[in-house]
Amino acid sequence: KNAFRYRDAIEKMAHDVFYSLGKHSGMSRMTRHKMQTAVRTILAAWTNWSVFDHSFLDELETRFEGREIIKMVPIKVEEVEEELEQ
């Protein structure tokens, strides 16, 4: 009924949560593997259920893995054409 409220709340907190989960480097190798499996299972479920946008889920996985997030900036076709003409 009010699922959108939960989804909105998760969206607001998820970046920090996934970043924090990925930073627990003091874990044993086995515990770390269990954490990775659990996170990937959640992300796969959210993907299969189409709960969140794919780019949002990719960002969460990137934050969990500690990789840098690269934001793509849209470029207008006119700008590219002008650049090519020069």
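1. Arg40, Glu61, Glu65 and Arg67 are joined in a network of salt bridges, a salt bridge being a side-chain nitrogen of Lys or Arg within 4 Å of a carboxyl oxygen of Asp or Glu. The model is predicted, so that local features need pLDDT of at least 70 and side-chain atom pairs count only at pLDDT 80 or more, while totals for chains, interfaces and linings use all residues. Residues are numbered from 1 along each chain as its sequence is written, and side-chain values use heavy atoms, with hydrogens and water left out.

2. How many salt bridges does a search of the whole structure find? The search finds three. Arginine 40 forms a salt bridge with glutamate 61, with the closest N and O atoms 3.9 Å apart; this pair links distant parts of the chain, since arginine 40 lies in helix H2 and glutamate 61 in helix H3, 21 residues apart. Helices here are DSSP runs of H or I with at least four residues, numbered from the N terminus.

3. Arginine 40 also meets glutamate 65 through their side chains, in a salt bridge of 2.9 Å from N to O, and this pair too links distant parts of the chain, with arginine 40 in helix H2 and glutamate 65 in helix H3, 25 residues apart. Glutamate 65 in turn forms a salt bridge with arginine 67, where the closest N and O atoms are 2.6 Å apart.

4. On the accessibility of these residues, the terms are as follows: buried means under 20% relative accessible area, exposed over 50%, and partly exposed in between (1.4 Å probe, protein chains only). Arginine 40 is partly exposed at a relative accessible area of 38%, as glutamate 61 is at 27% and glutamate 65 at 31%, and arginine 67 counts as partly exposed at 46%.

5. Threonine 62, found in helix H3 (residues 54-65), is by contrast buried, with a relative accessible area of 11%. Leaving aside its neighbours within four places in sequence, threonine 62 is in contact (heavy atoms within 4.5 Å) with Arg67, Glu68 and Ile69.

6. Helix H2 (residues 29-48) has 20 residues, which at 1.5 Å a residue should span 28 Å, and its end C-alpha atoms are 28 Å apart, which agrees; the expected span is 1.5 Å times one less than the number of residues. In H2, Val39, Leu43, Ala45 and Trp46 are buried. Seen down the axis of H2, its buried residues fall within an arc of 160°, so they line one face of the helix, the arc being that of the directions from the helix axis to the C-beta atoms.

7. Which exposed residues does the face of H2 turned away from its buried side carry? They are Arg29, Met30, Lys34 and Asn48, whereas the buried residues of H2 pack against helix H1 (3-22) and H3. Just after H2, serine 50 takes a positive phi of about 55°.

8. For H1, the 20 residues should span 28 Å at 1.5 Å a residue, and its end C-alpha atoms are 27 Å apart, which agrees. The buried residues of H1 are Ala14, His15, Phe18 and Gly22, and they pack against H2 and H3.

Definitions and conventions:
Helices (H or I, at least four residues) and strands (E, at least two) are DSSP runs, numbered from the N terminus.
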